[in-house]
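We will go from stop to stop.

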Amino acid sequence: MNVLGIHIAVELIQIVVAVVAFLAFIGVNVLVLVLMERKVAGRFQRRPGPYEVGPHGSLQTLADAVKMMAKELHTPRGADKVLFWAAPIVTFAPVVVSFMPLPFGPKYLTGWEVNLGVVLILAFSSLGVFGICLAGWSSNNKWSLIGAARAVAQSVAYEIPLLLSVLAIAFQVGSLNLTEITAGQGSWPWQWNVAVQPLAFFIFVVSMLGETNRAPFDLPEAESELTAGFHTEYSGMGFGLFFMAEYAAMVVVCSVGTVLFLGGWKGPVFDGPWWFLAKVYGLLFVMMWFRWTFPRVRFDQLLNINWKWLTPLALLNLLAVAFLVKVV
Amino acid sequence: MVTGSDGKEHAELGKSPSPGLFREIRKALEGLWSLVVGLGVTGNQFYRPSVTVHYPRQTVDNLSTYRGPVELVPSDKDPGTSKCILCGMCVQTCPSGCIEIESHQEEEPDAPEAEGKAAAAGGEGAEGEKKAPPKKKKKIKVMDKYLLKFHLCSLCGQCVQVCPVSALRFSREVYLAGTSRSDFEFDLLARMRAQRRGGTGSNPGRGGSA
């Protein structure tokens, strides 16, 4: 009994330390990513992007963050106050948990070794939609509500091909543990799962855009139609939390993609967490590249792509993988 | 590569040969290819240099075509005076009524060094004939102020077009800013003289808001 108590205590401390570390990691990454997004957007449009605050604008997002924290938290008239302020937290908190089972590097660089790492991430990443739904409902604003409705329809739809493509990898490796999935891949690109299952990777990339509400699937916040979608009414850090959750979710899905398809922390010559970060940022760059290339799809197109193409393709792919794993 | 395996999967699906399905697949693959082409276009832009001019640190060099508030052209013979003959065409033509000229009459000096000025100011001689002065000396008009209310001006350029002696032109004044309406009431004569003296008349407001 006593041994069990100590075991639980150790586990708990480990989890708390990991959560705090990941909160810091998220904070830093969001600052870097927002700057990167704006700089990359600038490059694509052949302008410098933020340039004035700090050398080459490098302190711009820090200044923005300070401004955002200093702003008033305004509750709109007629809003459901409890739900309204619960929504950003409900959106942000699961994302932090999603970081826990990610193996950033060999041995100790995993927040929490779980057998069902993939399932944990998928479960908590779909909780974020719940927060968005709450935000849209409690804002008492038509744009917010439409944005939330879109977010729900979209996330529910895109979760399926995402799950199926992830399952294909899980079938192949025979494990849902992200550390073991990484261990099953080699250091060189042709030893990664992407070389074995390019179709699953393709489906994963498309559905991760839909899952994180990124362009061209950014309908829940579609600026030109819904002002800001579900977070129209949020000010200050209420908006800030949605913002952080969105960027953190991007990091999470890109990390999952890295672990499942791109060999995780394994890379040519020197294995290590630097490869993990490099691949994650590579994928994030691709997401930004998509954003500044493709126009937003219409909602029926969005659902058609999913139900007519991605889901059947993912199912077929899964069947083929299951067949090959069983027979070969 | 991705698109290739994409198509293969569907070829397997299409065991029941329906031409509609194949057409759909071909359309989808073409669409996917167009996305790749689009990525190529933006990716190409990504590696080309930025075209932004970092304004306070850099400026553009094509200001020669800029049409700022009108200014007086100095006379060829005496740069201290304007080419203007005070005919008043610009005042009459201006659709916004933003030009006012103040002048006084003066007896024409017969000193030879002032000849140029007299010729410029009273060259047409129309004023002198009308007045028909009893003395031999002609009376000429001398400009005191050329007031431009730039806050009314629409920069249509009709004053420049109508001027018979080309005494008006567009300035290249780009840096124009003020906090009140009176900042944009310029005396163009004073501005012209200030420019001649030190070339400091870059801000017409400085010369004119008298």
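Select C87(B). This cysteine is partly exposed, with a relative accessible area of 40%. (Buried means under 20% relative accessible area, exposed over 50%, partly exposed in between, with a 1.4 Å probe and protein chains only.) C87(B) is in no disulfide, and the nearest cysteine sulfur, that of C163(B), is 6.1 Å away. A disulfide here is a pair of cysteine sulfur atoms within 2.5 Å. Over all chains the count is 0 disulfides.

A word on the model: it is predicted, so local features need pLDDT of at least 70 and side-chain atom pairs pLDDT 80 or more, while totals for chains, interfaces and linings use all residues. Residues are numbered from 1 along each chain, chains are lettered from A and ligands numbered from 1 as written, and side-chain values use heavy atoms, without hydrogens and water.

Next, select C254(A). This one is buried, at 0% relative accessible area.

Now show W85(A) and Y234(A). Their ring centres are 5.8 Å apart and their planes stand at 85°, so the pair is edge-to-face. (Rings of Phe, Tyr and Trp, the last by its six-membered ring, pair if their centres lie within 6.5 Å; planes under 30 degrees apart are stacked, over 60 edge-to-face, the rest tilted.) Y234(A) is buried, with a relative accessible area of 6%.

Which residues do ring pairs link into a cluster? Select F22(A), F25(A), F99(A), F104(A) and F276(A). The whole structure has 22 aromatic pairs over all chains.
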